[in-house]
Amino acid sequence: MEENKTTKPGLFEKGGKLGFLHSTVDAFETFLRVPDTVTRKGAHVRDAIDLKRVMIMVVIALVPAALFGMYNVGYQASLSAGLEWGFWKMFWYGLLKMLPLFIVSYVVGLFIEFADAQIKGEEVNEGYLVSGFLIPLIVPVSTPLWMLAIAVAFAVIFGKCVFGGTGMNIWNPALLSRAFLFFSYPSYLSGDSVWISVPKGMDAVTAATPLAVTDEAGRHTVQALTDNGWSFWDLFNGLIPGSVGETSAIAILLGAVLLIWTGVASWKIMVSSVAGGLLIGWLGQLGGATDLPCYYQLVMGGFLFGTVFMATDPVTSAQTECGKWIYGFLIGALAVTVRLWNPGYAEGMMLAILLMNTFAPLIDHCVVSRHISRRNKKLKTA
Amino acid sequence: MSNTIHLKKGLDIPIKGVAAQKTVKTVAPDIVAVKPTDFKGFLPRLLVKEGDPVLAGSPVMADKSRPGILLTSPVSGTVQQIVRGEKRKLLAVLVKADGKQASVDFGAQKIAALQSAEVRDLLLRSGLWVSLVQRPYGIIADPEATPKSLFISAFNTAPLAADYDYSLSADVPYVQAGIDVLGKLTPGGVHFCIGERTASSSPFHKIENVIMHVVGGKHPAGNVGVQISHIDPILKGDTVWTVSLPLVAAIGKLFATGKLDLTRKVAITGPAVSDPAYVTALPGTPVAALTDDAAENIRVIGGNVLTGECLGREGYLGFFQDQLTLLREGNEKEWFGWAKPFRPKLFSTSACYFSWLTPRKKYDMDTNLHGGPRAFVQTKCFEDVTPMDLFPIYLIKACLAKDIEKMEQFGIYEVLPEDLALCDYVDPSKNNIQSIVADGIDYMIKEMA
């Protein structure tokens, strides 16, 4: 960013000596200073809001989950290694573990975004500010950095750039990177040995996530959770093994409050997703697929994190208000359906969201068509 | 009989500079411009040459395709200059006023006895026909056509707009006369919408021979397009005509007195105006004669900040405009703008900023875009400011795709760019929604012709 301050006018402008770097310089410049562009067409005054502000709000909403995740990384490590660490030691340990993941995610992702904008000669768009923060939070802390780098590259190139960038993509890029990892390197993304990072020189530990525990337990799930030392409140607090950001319902709900208050994410999607999850969880309990009370579904695995931060992505979710209810409900319902009835996958949130991303345009199409035909009927009879 | 419609969606932009209810001067300009560019779909053919004497009401231009449609001079004097732009496009005819304001005598009419054909004839001859706007498309009404109905909005909710209750308070009898005249043009009657806030105190609440509606809510509740969509939506094949209230008064005056008098109270508004108030002026009056505040780095807008036209300091007030808005150009960079927790000088509808803490504050707005253009990301904000039964984002995308069938389905017949002007304002992706819709409408006109 220092480079920007010494920029002589014209040097980086189109046609200037270093004009090929136009998009990059422009990105740094607009990152530091709101440009002096004035309105040329249409309304002469504009709202102060822009996409940078919207995106930074999502990042801020993610901060509680990220901070808690770092603390939990240290907590799980000390617990499994039998060490007596204090709060700050745990947090520091988690921070050091997480920092490389964040750096790799942002460096690789932003490099590709910049290169893409450069090639297309467009402004760099800020969508990756959020994706880059999300990705480290939805993978196990032990994910190798090279693997993360490949996953990020895949998600940004094939999830976003080929469609034309932020706003044009069909699937949530962060989830796409996780799906890539999940199917390419399953042994690093699931199982019992990936969730806990232990201090150097110690043996690796295995720890099942609550979801895996209930999946194994069959009929006596609550008992199995209790045997592992987890009550509902433990799951709600989030001091459990899992992907970094997803464990604490409290931290995620803090983020949800901010997102709903600022209107950045749709509360309709969140509410309907929770409703869908609860309903299927309840039906599963009723039908004997599990003996787990349905509200446990919300605090285990990535359900809440996915509901609050991934399903509500305004680009890949349904656009119509009625469509949002349907879209959210189906995500929650599908995720819990996969959990309860698919023996292959303990968790279904990622696939549920990606599937509904795919069908969001169809939902919207149905909603809009219905609206049009109803309107035509009304007008004809009127 | 009146029906009340209350609209929940919309937005009143809290901008500084509302005109005080006083009239500070009557402008008698030296030069008055007649601008064919004020009228959508008007192809001008000149009827005068430099040096010709004209009276108020003398024809200056005619439409090439429909020669009956005339533009007339609002003042008496001599044609001073014919202004052309690129490719010899006719931009304006400048008339040097002689100060006598002598008018062509069209003869005072007995309104009750008039037939539709006589009304049309006089409106055409006087040059007031162009004040009839046809929907869909927002073009000059076709003199041969008979509209389904006619709509007049008696209040204006646009930012800092002239308050008709004040600016036309002395013209109520003329408004009534104008409505009586216009009622002869359509079998469907004249729909007349007054604002909820002043419904009983408005000087217009006793207007007769209309179907009265009371409409309440934030902008764009005062937009006639929004009112139509709630009262009698336009279907494919329908035409509805609309007239702005000041021009209804001018029509009334023409029929009552036999003279063309386009004098109106113009609200001089905006944060860059030192003393926002009303002036009495004619359309075509130079900006410099209307206000002294048009300085360097000030944008002069004919109309309001959402839909107005950039006039420039050398420009002339347009035919439909009864408002001038002066804004600072926002051509300054702002360090860490979007990243600052607080930006108390800026207003945002979004709770991502903190302007919700100061709901009564009025802002000194400028023309800065506050960001760079992006693809559509957030789209619910469009619906929140569009109180019509349609999906704005789908309509906008259909316009971009130039898909006529989809545009029809999504309601292109019901909207003009002005009805979606707030989408321009709220869009975090900084798209020019009004231009997109205007291009869509132009495409429809071209393809459906």
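Let me begin in chain A, where helix α13 (residues 267-287) packs against helix α15 (residues 303-310) at an angle of about 155 degrees, with the two axes 9 Å apart. Please keep in mind that this is a predicted model, in which local features need pLDDT of at least 70 and side-chain atom pairs count only at pLDDT 80 or more, while totals for chains, interfaces and linings use all residues. Residues are numbered from 1 along each chain as its sequence is written, chains are lettered from A and ligands numbered from 1 in the order in which they are written, and side-chain values use heavy atoms, with hydrogens and water left out.

Helices (H or I, at least four residues) and strands (E, at least two) are DSSP runs, numbered from the N terminus. Axes are lines fitted to C-alpha atoms, for helices over the stretch in contact, and angles run from 0 to 180 degrees between N-to-C directions. Angles under 35 degrees count as roughly parallel, over 145 as roughly antiparallel, 65 to 115 as roughly perpendicular and the rest as oblique, and α13(A) and α15(A) are therefore roughly antiparallel to each other.

Which residues of α13(A) meet α15(A)? On the side of α13(A) they are A:Met270, A:Ser273, A:Val274 and A:Gly277, and they meet A:Phe303, A:Thr307 and A:Val308 in α15(A), where contact means heavy atoms within 4.5 Å.

Now to chain B, and to strand β12 (residues 149-153), where five of five residues are buried, a word that means under 20% relative accessible area, with exposed over 50% and partly exposed in between (1.4 Å probe, protein chains only). In a regular strand the side chains alternate between the two faces of the sheet. In β12(B), B:Ser149, B:Phe151 and B:Ser153 point one way, whereas B:Leu150 and B:Ile152 point the other way.

Two strands pair if DSSP finds at least two bridges between them. β12(B) is joined by three bridges to strand β15 (residues 240-242) of chain B, running parallel, and there B:Leu150 has B:Trp241 as its bridge partner. β12(B) also pairs in the parallel sense with strand β13 (residues 190-195) of chain B, over four bridges, with B:Phe151 opposite B:His191.

Finally, three strands of chain B form an open sheet in the order β4-β6-β7, with antiparallel pairing. β4 (44-46) and β7 (70-72) of chain B stand at the edges, each with a single partner strand, so one side of each is left without a neighbour in the sheet.
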